[in-house]
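I opened this entry to record how the chains are arranged and where they touch.

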Amino acid sequence: MQLRLGDLVDSLGGELHGDRQAAVDGLAPLETAGPGQLSFLSNPRYQPQLAASRAGCVIVGPAMREPALARGAAIVADDPYLYFARATRWWKARSAPVDAGPHIHPSAVVDPGAEVDPTARIGPLCVVERGARIGAGTVLKSRVTVSEGCSIGARCLLHPGVVIGADGFGFAPHQGAWEKIEQLGAVRIGDDVEIGANTCIDRGALADTVIEDGVKLDNLIQVGHNVRIGRHTAIAGNAGIAGSATIGAHCTIGGSAGILGHLTIADHVHVSSFSLVTRSISKPGHYTGIFPLDDNASWEKNAASLKQLHVLRERVRALEKNR
Amino acid sequence: MQLRLGDLVDSLGGELHGDRQAAVDGLAPLETAGPGQLSFLSNPRYQPQLAASRAGCVIVGPAMREPALARGAAIVADDPYLYFARATRWWKARSAPVDAGPHIHPSAVVDPGAEVDPTARIGPLCVVERGARIGAGTVLKSRVTVSEGCSIGARCLLHPGVVIGADGFGFAPHQGAWEKIEQLGAVRIGDDVEIGANTCIDRGALADTVIEDGVKLDNLIQVGHNVRIGRHTAIAGNAGIAGSATIGAHCTIGGSAGILGHLTIADHVHVSSFSLVTRSISKPGHYTGIFPLDDNASWEKNAASLKQLHVLRERVRALEKNR
Amino acid sequence: MQLRLGDLVDSLGGELHGDRQAAVDGLAPLETAGPGQLSFLSNPRYQPQLAASRAGCVIVGPAMREPALARGAAIVADDPYLYFARATRWWKARSAPVDAGPHIHPSAVVDPGAEVDPTARIGPLCVVERGARIGAGTVLKSRVTVSEGCSIGARCLLHPGVVIGADGFGFAPHQGAWEKIEQLGAVRIGDDVEIGANTCIDRGALADTVIEDGVKLDNLIQVGHNVRIGRHTAIAGNAGIAGSATIGAHCTIGGSAGILGHLTIADHVHVSSFSLVTRSISKPGHYTGIFPLDDNASWEKNAASLKQLHVLRERVRALEKNR
């Protein structure tokens, strides 16, 4: 399939330097793009790749106009990464075969008491239980479960294996065993939310677990009962959010990070990968707690010293006193 | 739906202070409960919320009797959290629509050579393979796989996406490649076990992987081959238990924690979230290994110092000698 | 079922000391094997178990020949662990009932535009989308999704719940929200790859995510878009590989370990469990970054000191100056 650069800028704007009739047959990274492909440069760090690229056309920001034009056709856009994002959507809308299948795949198990918007798509082998609601334009790819009474807003995308509304992990200890606390709440998911493969969002114990508009969750994330995740927060793969944590809006949480239960995280907080949040965070900022990687032998020595760190501190104090 | 307080205490015991005929239409947390709702206070830390709560009735312990009665109706119970747990079950049993569907959902794939107790429920799109056994009253929610020869006891609850009995991760190295070790064991799960969404328990290499009675596993947990988890141990989400680890009874393992292979953990051991157990633990207690969270700039300085910690210790030693 | 030791060594080689006609009815670990069972000893650490074992026959290396013969029948092989691996396959091939079902289970949803080799097996409730290719002898156990355009080589084994080709996690920020970057690449998986239960491998943004021949992935692993994993690398459960990371050949990555995005890891690198790789690694070796486990009280003191480590270092420097 081929699309013309002129049609692209007519749709998305941007300043085309080059032949409007030139056709591209795909998008590709700078280093592998050929003369028939469109590429982009957003991170100035990769500028050296620009001159060497064989791409037919390159999307760049205003600062890269000169070097880009020096090598050939270019589209100059204020935010080249955003432009690239839109170009991928423009491309997909035109190149992907129209999905002409039924809106609810015949292999899906949708309870008659569920409410599925006629414009939503329920993929193969999904389960939508009684009382669940699926909003307009929302897509459940294959093998997604939306449990009883849970609601998904409009224009959401749930990837394969997602489980919405399994029971939260709630038990009362009694004579050495655990007695189940029935999880009577549900999950409420806003609009424009994307949820990665095999991610799980548990139903609330009494009140609901809430995912606000525009949240993006990667794969294999665990979201406990009664969590609230604020608007436009993005969370990377393997992260775990314990029960009743409240995460603000516009946060980013790195991969395999964790947030303990019953904490509150302010808006605009950024947590590094592999870091565990053990207390509430009231100030926007970037927070980290990662054991630095080292060759194993050095790590062993430092880890052994770490177990004596408190004692070392006392020894320094003693030295200071006796100075 | 409405239920009467008098009926609740007739079923569960407890000392009702208030009108036996008063009806409640749900359970709710203290801060959001309205006059038609039942709430509870178990953690004394939340006592300030008690006076302010608009709940129609509150479950409290004996120590909270006075402040509870000062605000209105109350049920006094020895263990208010346990009472609350039982109230959720009492509520669900009376309010949830009776599940009148078939015991094996027609979309489930159950091998004729599997043995499913007639009182068990196999949900939509589950797979139960040849030789698997599912005990009395056990429920497999949607999209659960129980592989060949694995057995699940009575009254268990397996949430969507659970995989019981995939092959353990076993390979012998040979000339730079890996040769598969067929996993000839199975998984044996006791009674009253709950397993969270998308959690995986691998089959044993030769002997079986064993989950004893009353174990509670949260979502997205990996349990390797030949692991044994003792009675009434509870493990939180994203945790990983490597092959041939033996975990005692009555342990709690925090979220995203890990246990290396071939270790033995005593009964009544509590491992914090995000902590890795690298050696056997023979003494009950609470164990932790978490890098403390900090603002990123402070973390960077401390992490850099940490890579020199062993050297710092030597420097302190030198200072002490020269004192 | 019973198999004769003579037939085993005729198939797999090795030096049998004992009766060729002796039959075994299974394989078992040294400590539980009975007179009718075959066992093995590869790790010399377990030698004390050898003398005590009641196994009918034991596979050992040349160094263990004497103690093994002292107790009874034995097979001496150069690499007893490899021999054991092959014995498990020999056993399974002869003892497991022949799988006579259809090659594509009737409950699987396979797009007419997918290409499935006639010798591949697609298990119950799998989804194979348009343009996907499944190679010769490859097995998809139950509930596996292979998304549009993704290809799986020959002799691969994908365990239940695996998701191949969900969208990579790619968004461009715009006015406080996230705009989706369509993921236009696919996933290409080589030959002889095994992928554990509920593991996810995302499709590339522009180019493909690539898993080379002989890679072994455990359960619940997240592999981000545009990752490349080199030949015969093995990765343990719960690990997370962020987007565009390149991992060399013959590496091992421990459980719950992580690799940040856009890094390059050389061949023959071994990363410990729970360790995060935050920079490229160009030298083969063993790398670790784990906070050492301690009893909680000691951990608290050391963790508090750790947050002052940089200051402590300055204090030591001051002491050294004033010496």
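**Strand pairing and chain contacts**

I note that the model is a predicted one.

I then looked at the strands around that bridge. β35(A) pairs with strand β34 of chain C, residues 285–288, in the antiparallel sense over 2 bridges.

I next asked which residue stands opposite A:Thr288 in β35(B). I found B:Asp294 in that place. Here β34(A) and strand β35 of chain B, residues 294–295, run antiparallel and are joined by 2 bridges.

**Chain A against chain C**

I looked up how many residues of each chain take part. On chain A, 56 residues are in contact with 57 residues of chain C. The elements of chain A that give two or more residues to this side are α4 (80–95), β35 (294–295), α5 (296–306) and α6 (309–321). I found that α4(A) gives the most, with 8 residues. By residue class, this side of chain A divides into 25 nonpolar, 19 polar and 12 charged.

**Chain A against chain B**

I repeated the search for the other partner. Here 57 residues of chain A are in contact with 56 residues of chain B. Several elements of chain A give two or more residues to this side, among them β16 (163–166), β17, β18, β21 (200–202), β33 (276–277) and β34 (285–288). The helices α5 and α6 of chain A are also on that list. I note the division of this side of chain A as 28 nonpolar, 20 polar and 9 charged.

**Helix α4 of chain B**

I examined α4(B), residues 80–95, last. The helix has 16 residues and reaches 22 Å from its first C-alpha to its last, close to the 22 Å expected at 1.5 Å a residue.

I then asked which residues of α4(B) are buried. They are B:Pro80, B:Tyr81, B:Tyr83, B:Phe84, B:Ala85, B:Arg86, B:Ala87 and B:Thr88.

I also looked up what covers them. The cover includes β17 (171–174) and β18 (177–180) of chain A. From chain B, the cover includes α1 (5–12), β4 (38–40) and β5 (57–60). I note that β17 and β18 of chain A are also among the elements on the side that touches chain B.

Notes
Residues numbered from 1 in each chain as written. Chains lettered and ligands numbered in written order. Predicted model: local features only at pLDDT ≥ 70, side-chain atom pairs only at ≥ 80, totals over all residues. Contact = placed C-beta atoms within 7 Å. Helix = DSSP H or I, 4+ residues; strand = E, 2+ residues; numbered from the N terminus. Nonpolar A, V, L, I, M, F, W, Y, C, P; charged D, E, K, R; others polar. Pairing = 2+ DSSP bridges. Expected span 1.5 Å × (residues − 1). Buried ≥ 20, exposed ≤ 12 C-beta atoms within 10 Å, placed from the backbone.
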